[in-house]
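Here are some notes for a first reading of the structure shown below. Please keep it open while going through the points.

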Amino acid sequence: MIHVLSYVSIGIGLVFMFWGTFHLLDRRSVLYKLHSLSIADTLGAILIIVGVLLQVPSAWPWLILAIISLALWNTMLGYVLAYCSSRGESYDR
Amino acid sequence: MNLTLVVFALLGAMLIPLYEAWRNEDIWQTMLALTSVATKTALIILVVATVRNDLMVAVAGVIILSVGNAGLMLLAHILKRMNYSNQ
């Protein structure tokens, strides 16, 4: 039962990852790609780590730490990249 | 073990942003592709570490996840300054 659950989680994570990454190949703006990529990459990575965690429960401290740093840093990196790549008037010098 | 197949699928997923980073000339598109490469590499390291049951490798993956992303943020700020100080 746990194995089935973990493989379902890993499978959904892989689907998310491929789906978000294929948007990189479109000819769209940076912000559009950043939106799809940050959502799909973070969700996919967290789902894959949860799946691995269900299979190997002994490695939980590192996997929980990885989930926390993914959720924190990837969202923050999305904001910073969007801010830096846009030509706003109020950028600091 | 089936987790090996997951590693190969992740390697396949990593080839897409690598191709994009090689193809695209625009620096922000390249940056975006490289952030995707960084996340996927750290994830591959974590999965490999759990397959091998090697906690030290898992620590390296977690460090890459946090410090690598922080480094990418600093790099984005440097690129912004370089882009807009010439204009």
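How much area is buried between chain B and chain A, and what percentage of it do carbon and sulfur atoms give?

1. The model is a predicted one. The size of an interface is often given as the accessible area lost when the parts come together. Between chain B and chain A, about 4,000 Å² is buried, and carbon and sulfur atoms give 74% of that area. Of the area that chain B buries against chain A, 16% is supplied by B:Leu32, B:Met73 and B:Tyr84, more than any other three residues supply.

2. Next, the residues in the contact. Chain A brings 43 residues to it and chain B brings 46 residues. Across this interface the rule finds 7 residue pairs in polar contact, both residues being at pLDDT 80 or more. On chain B, the side that touches chain A draws at least two residues from each of helix H1 (2-23), helix H2 (27-52) and helix H3 (55-85). H3(B) gives the largest share of that side, 16 residues. Sorted by class, the side of chain B that touches chain A holds 26 nonpolar, 14 polar and 6 charged residues.

3. Side chains of opposite charge can pair when their charged atoms come close. A search of the whole structure finds 3 salt bridges over all chains, and 2 salt bridges are found across the interface of chain B and chain A. B:Lys40 forms a salt bridge with A:Asp41, with the closest N and O atoms 2.9 Å apart. A:Lys33 forms a salt bridge with B:Glu20, where the closest N and O atoms are 3.4 Å apart. This pair crosses between chains, running from helix H2 of chain A to helix H1 of chain B.

4. Two packed helices are described by the angle between their axes and the distance between the axes. The axes of helix H2 (residues 30-55) of chain A and H2(B) come within 11 Å and cross at roughly 5°. H2(A) and H2(B) are therefore roughly parallel to each other. Residues making the contact include A:Leu37, A:Asp41 and A:Ile48 of H2(A), and B:Leu32, B:Lys40 and B:Leu43 of H2(B). By class, this contact of H2(A) with H2(B) has 12 nonpolar, 5 polar and 3 charged residues.

5. Within chain A, how do H2(A) and H3(A) run, roughly parallel or roughly antiparallel? The axes of H2(A) and helix H3 (residues 60-85) of chain A come within 10 Å and cross at roughly 180°. The two helices, H2(A) and H3(A), are therefore roughly antiparallel to each other. Among the residues making the contact are A:Leu31, A:Ile46 and A:Leu53 of H2(A), together with A:Trp60, A:Leu70 and A:Gly78 of H3(A). The contact of H2(A) with H3(A) has 18 nonpolar, 4 polar and no charged residues.

Methods. Residues numbered from 1 in each chain as written. Chains lettered and ligands numbered in written order. Predicted model: local features only at pLDDT ≥ 70, side-chain atom pairs only at ≥ 80, totals over all residues. Heavy atoms only, no water. Contact = heavy atoms within 4.5 Å. Buried area = accessible area lost by both parts, 1.4 Å probe. Salt bridge = Lys/Arg side-chain N within 4 Å of Asp/Glu carboxyl O. Polar contact = N/O pair within 3.5 Å; in protein donor to acceptor, adjacent residues only side chain to side chain. Helix = DSSP H or I, 4+ residues; strand = E, 2+ residues; numbered from the N terminus. Nonpolar A, V, L, I, M, F, W, Y, C, P; charged D, E, K, R; others polar. Axes fitted to C-alpha atoms, helices over the stretch in contact; angles between N-to-C directions. Parallel < 35°, antiparallel > 145°, perpendicular 65-115°, else oblique.
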